[in-house]
Amino acid sequence: MTPRPLLTTDEEPGFGRHFGQTGRHGQPGRCLRWRAVAWDPLRACMLSVFFLLLAAGSHGYAEVAQPNPSSPGTTGSDTDAIPAQIAAYSQDLERLRRFMGAPRAGKFNIGIHSDLTRDLYFQTLTLWQKTDRLLFEISRVRATSPPTSADELGTSDILANLQDAHEILQQIMRALEIAPEPETRTDPTPTRPDNFTALIDLNRQVDLLLERHFAPSDVYMEITLAIDYAARLLARYPEAIRIPEEPPFEPNKQPSDVYQRLIACLRSIAHIAQILGFTVLDIDTRQTDMTQLTPGDVYMVASLVVSQLNHLYKQLGDNKPVAPAFYPGRKFPAHSYQRAGILQAQLQQLERFIAAAPTAPGEAKHDSTTPER
Amino acid sequence: MTPPRQNAEHAAQKHPLHRRLLFSHLSVALVGVGMLLVALVSTYELRARVILLVNEGVPLAQASTQMLAGVRHSLASLRGWVSLGDPQFLVDWRAAWQQEIQPAIERIKQCRHLLAGRSCDPERLRELQALLADLQESQWWVQEVARAPGNEPARMTYLFKVEPSVRELASITAALLALEETTRESDDGRKPLLVRLMEIQGALAGSHLLLRETLGPDGLHYIERLERQLGTTQALVAQATADPLLTLEQGRLLRLFQREWQAFITFAGEIIRQRRAVDWNIALHRLAAETDPMANRTIALATTMAADAKIRLEQEADAARAASAITVWNLAIMILVMLAVAYGMSRKHARDLALPIAALAEATQKLAMGSLSDNLIANGNDELSELARSFNTMRTSMQQAQTVLREAYAQLEQRVMERTAQLETTNYSLIKEIAVRNQTEAALRESEARLRAMTRAMPDLVFVVDEDGRYREVLAAGRDIGATLMRGKVPAPIRGKLLSEVHPPEMAALFLDIILRALRTQQIQIAEYELETSSGPRWFESRTAPLDVQFTDRSTIPANTAQQHLFPPPDVQIVAKSAAIVVARDITKRKQAEVQLRQAQKMHAIGQLTGGIAHDFNNLLAVIMGNLELLHEQLAAQPRLHELAQQALRAVDRGANLTRRLLAFARRQPLLAQPTDLNKLILGMLDLMRRTLGANIQIDTMLATDLKQTLVDPDQLESALLNLAINARDAMPRGGKLALETGNVQLDENYAATQQDVRPGPYVMLAVRDNGGGMAPEVLEHAFEPFFTTKETSKGSGLGLSMVYGLVKQSGGHIAIHSKLGQGTTVRLYLPQMQVAASPPTGVKAADTVFKGHGETILVVEDDTDVRLFAVNALRALGYDTRQAGDAAAALELLGATPQIVLLFTDIVLPGEMDGVKLAAEAQRRYPGLRVLFTSGYTEHPLIVGGQLAEDVEILAKPYRKNELGQKLRILLG
């Protein structure tokens, strides 16, 4: 099983975040960086297991990747608990919003929809990060990061993230001395297809409560992380240019420009996944109001790009871990747009190579017959 | 029939010598071919090795070196960027990859053959490529993170955690102090608490400062002090918390402070831990931990590959050397073998061949010496025996032929003698004929030379044109035939060209018509015409004479003519063409001279006419003026009539002025020529001219510093200059520039030849130039004619330029006018230079005051009664006694009869044989001391030479006023 992704730098979300490593947030000394991981025997053991699985064929992966109740880490109760947990979080968040006098986030179609476990997981992870940042801003402490599953991602991981985030939210409310309300029945109505949208809405709402919103620099970091993943994927092809030349800097860019370039990247990934037989998220930006896009929304799209690449990396990448992301300093949307240009060029190469040889050198094509969702 | 194969065998048996030679040569050839094959194989192998060395060995070595250098450069540049942050290092880093490493890898990949060897297998190349890609990726990551804030986690902790915490702590401390200040106003005993709070504030600031110091490169040195400072601060906070002086609000704030302080301590601990970590600087750490080892592995692998490639190259070079040596040895051995075989076989066959050939040579020598009796021995069956037999047969035949030859020789001798006699006779007659012919040719050459010299000497154009209008010959080209005939095109040979190719169509037609007329009439045709040439239009006079010579021409027969059917093959025939010789002379100068002459004649005729009219008119005016003056004086008591008489006198004055101008144009005014400096004259007139011309006309002077003097009437010249200035002013109604220029010029023969009445020589030039409207050519043509004016009726008399013209001509000078519409006008007066220095004029002007006489007796001689009457009346009015005569004879009688006559006042023109001048001469001869005053309407008389009065001659021009007469008389009578 591939280990679940988590943050690598201490406390501050977005600093050196990368996936495929073990460790917990906020635990000094346990922050594992690429070097430590590379030499960690446990990591090596897990990578060996991963490659054995790959060698055994992709069919097995499809089986384990199936996020149905029968898959590891997933239970029927977990699946049902997720909407309830989302509703509980939403209820408390609304109380906190009213207390803080923050505006209500409007409904927004981000143009992407997915009910894949990994995408839901990454959205819950983003929610946890934002809630944790809110906690720090209010009470100057950091929460303990949620535990990472050693197995394939499952609904239990999603639920765990949600519960942790909710706990942090309640901690904030306590710090603000917001009296707890009597237990009310949460509405479990939202079904799985709506979980993604609900999580997106929650993420947007929490972002509005933050003093330091998710900014273009966070987007920049996320894209840099995606570039690292793409470079690792391109390492399979000797002729590939792993880090293409950076496109020229174009000023006057808006978050919508970054968004559109990232959507183009997502489409490339979708095409690659289609060739390899993977299932990926749905993209339909026709209803998206580009004028309403915020850097926080773009960050969510960037995190989805990372999650897709992480998935591909698990399936196709070599055994070398990706480099940790790092805080790049103050950045503007134009910088993120420029950086996304590198990613786009990488993905175009990858598309070309995979289209030319669907079964990559030394690798068998993933011919899963069982849909992931 | 005998099969071909049997024939060949038979021939071989029949020619054993041939077979032996063939075998011998084939053997040598086989050895040579074998040697060549061996050499070829050896050379081919050698060539392949050399090609490999040149095409791949050298590039591989260079590319390996370049790649290693590139890797080292990239590493050095990256270190520079990480350490110093200079963007130039990034540029160098990119350049190292793009210009050194990547091209080197491409070049290495092209060395396929060398890489295919065991020492440098493709797998290692792939490994090298992968290593390089990893290295580039790693370096990219390092250069990305190196200058990002996230490169140092401790700094990030400080940025995102400590700073907000410090801000919070500072604000709480400030609130505590503010609260304490407020509380202290009512309680003075709270000073210890205030001091404690201020200590906390200071300790907090110190902790913050030390924490910041730990972030620097020497941060580790501050960690211990920081930890002590944190402890101190912690103790102060604890003491403050327990202070009984705290109010409730202060206690609440201090609790908040404590909570935030705990967070601060946590963050500080985190920073200390991060700062102590080995990877406190991610870029440096990764550089050392990953990038450098990766680079070292890359360099090691590349070095190994390069070394292997070098070994392979050395092996190839050794193999090439070995192959070369083998080739040399093989060739040497084969050459020796071939030489041995060739020597043996050649020696044997040479011996077989030499003996019979020597016998044959001996027999041939005998044969040459005339011995025809010895036969050669021919016992064998080979080619040499056959040759001996043939030789014997030949010898027999030669014996027979010798006999026949002797007989034929005798007959031939006889015939030669006969023929020689005939040839001698013929030769004698030919020699005579050649001598005559040589004489003829010499005469012809002499004639041609004379003709050539003559045509060269001719200034004319001489050429031959045929009836088609084609130039056949150009015998004399004149001065510039190209410029003359080519209408300004680039001069080119005109021989062979048609008239229409050289001249405009109408002129070509005219020339052809003249030529045809000359050919038709067989008479010389003379024509004058004007041709446009590169130097402008020029006049020519041509004489066209028919030529008795016909020119031949090769013409092509049209393919469809009937003649072709009659005489099919030749399509070219010879056609005879008549021609004429044309002698064309440039008569442009003559034409110009004719025009000038006509103009001069016209001006002369106009002068004659105007002079005559002016003379008669002056007489009339003299009478009118005299009478009017008398009337004017006598009507002084009647103001109305006096005024009318005054008006009439003014009109007479104007009339007199008019006649003076006419006389000036007709060059019949008496001039008082004096040595004059034109510069002084111009400078003296500048004020007058400025007033006359007005302020909107600028007067520029360009006066020659060494200007010679000229002999001219200065008053008249002033008047002329003023006239020219006024003309210039009228040409510049909106103002402009008037330039006056003087200079010494030399009019040469060429110029004089084109002008009428101009003598070559030195002149003083006065140029008057304006930038006014200028004159059209048709106006310019009549500019000097009297009464010709372009001004409005009341603005000009048309006599200004005429007077100038007359003055200049009368002064022996020359006038030229250049004008173009819109480009202004320049009038140049050329006055003769004075060759010797002249003394300044000594004329004494009489005072204007007293002109009355003292009863002196004056003889008035005038053929016109009215004029004479006026003169007498005037003299009387002036206080003189008078006598009068109508002609010279009467005057002489009166002189004889009246000894008191002191002055003779005579008209120059008198009826009869003796005019006024002769009368005066005679009178002075008879009565020395008699003074003479001449008067005249105009002065066309030897007394006035060239328009100038003779010395010591006083003249009073008609019409004159009484006062003028009185003035002259007073001057003469003292």
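Biologist: How do I read the packing of helix H19 and helix H22 of chain B?

Modeller: Two packed helices are described by the angle between their axes and the distance between the axes. This is a predicted model. Here H19 (residues 714-731) and H22 (residues 800-810) of chain B have axes that come within 9 Å. They cross at roughly 145 degrees. The crossing of H19(B) past H22(B) is left-handed.

Biologist: Which residues of H19(B) and H22(B) meet?

Modeller: From H19(B), Gln716(B), Leu717(B), Ala720(B), Asn723(B), Leu724(B), Ile726(B) and Asn727(B) take part. H22(B) answers with Gly800(B), Leu801(B), Met803(B), Val804(B) and Leu807(B). By class, that contact has eight nonpolar, four polar and no charged residues.

Biologist: How many residues of chain B are in contact with chain A?

Modeller: Count each side separately. Chain B brings 24 residues, and chain A brings 19. On the chain B side, helices H5 (122-146), H6 (153-184), H9 (248-276) and H10 (282-368) each supply at least two residues. H5(B) gives the most, with nine residues. This side of chain B has 13 nonpolar, five polar and six charged residues.

Biologist: Now a single residue. Is Tyr220(A) buried or exposed?

Modeller: Count the C-beta neighbours. Tyr220(A) has 30 inside 10 Å, so Tyr220(A) counts as buried. Tyr220(A) sits in helix H8 (residues 216-234) of chain A.

Biologist: What is Tyr220(A) in contact with, leaving aside neighbours within four places in sequence?

Modeller: Pro328(A), Lys331(A), His335(A), Ser336(A) and Arg339(A). Look at Tyr299(A) as well: Tyr220(A) and Tyr299(A) are 79 residues apart in sequence, with 8.6 Å from C-alpha to C-alpha.

Notes: Residues numbered from 1 in each chain as written. Chains lettered and ligands numbered in written order. Predicted model: local features only at pLDDT ≥ 70, side-chain atom pairs only at ≥ 80, totals over all residues. Contact = placed C-beta atoms within 7 Å. Helix = DSSP H or I, 4+ residues; strand = E, 2+ residues; numbered from the N terminus. Nonpolar A, V, L, I, M, F, W, Y, C, P; charged D, E, K, R; others polar. Axes fitted to C-alpha atoms, helices over the stretch in contact; angles between N-to-C directions. Left-handed = near helix turned anticlockwise from the far one by under 90°. Buried ≥ 20, exposed ≤ 12 C-beta atoms within 10 Å, placed from the backbone.
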